[in-house]
Amino acid sequence: PAPAAAPSRPSALRPHLVGLLPHAHGRAVALSASDSHTAVVTDAGDVYTWGATSHDTVGALGHGAGVRYQPVPRRVEGVCRAVGVAAGREHTAVLVGDTRA
């Protein structure tokens with residue numbers, strides 16, 4: 001018999017099911033998706049991103065210049081009190097609430 005094929009990683013260019021955020025604090029309250037990555041804001045004010053960036057878009061996922069593919073949602077360190085998010089082809093923008101409190 002032929003050996004079993006190794007599982008392939010999902011294409012970042014095709015939609016696929018992503019598990020909920022079991023490790024996230026709170027629930028998703030805002031979401032934005034570009035053609036290759038997605039960003040979510042939780043009711044705790046955290047931001048999670050996943051997907052891919054192009055070779056010339058360094059750091060768009062918020063996990064450092066070396067991360068160009070993030071297959072599952074990952075919290076963006078250093079972001080708190082987020083209330084909105086916008087994911088574009090070459091960027092991810094986060095709207096942060098009042099930081100004076």
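Strand E3 (residues 47–52) has six of its six residues buried, so the strand is largely enclosed by the rest of the structure. Buried here means under 20% relative accessible area, with exposed over 50% and partly exposed in between (1.4 Å probe, protein chains only). Strands (E, at least two residues) and helices (H or I, at least four) are DSSP runs numbered from the N terminus. The model is predicted: local features need pLDDT of at least 70, side-chain atom pairs count only at pLDDT 80 or more, and totals for chains, interfaces and linings use all residues. Residues are numbered from 1 along each chain as its sequence is written, and side-chain values use heavy atoms, leaving out hydrogens and water.

In a regular strand the side chains alternate between the two faces of the sheet. In E3, Val47, Thr49 and Gly51 point one way, Tyr48, Trp50 and Ala52 point the other way, and all are buried.

E3 pairs with two strands, where pairing requires that DSSP finds at least two bridges between them. Strand E2 (residues 37–42) runs antiparallel to E3 and is joined to E3 by five bridges; Val41 has Val47 as its bridge partner in E3. Four residues lie between the strands of this hairpin, and Gly45 takes a positive phi near 90° there. Strand E4 (residues 69–75) also pairs with E3 in the antiparallel sense, over four bridges, and Arg74 in E4 is the bridge partner of Thr49.

The protein as a whole has six strands and zero helices. Of its 101 residues, 35% are buried. Among contacts (heavy atoms within 4.5 Å) with a separation of 6 or more, 36% are between residues 24 or more positions apart.
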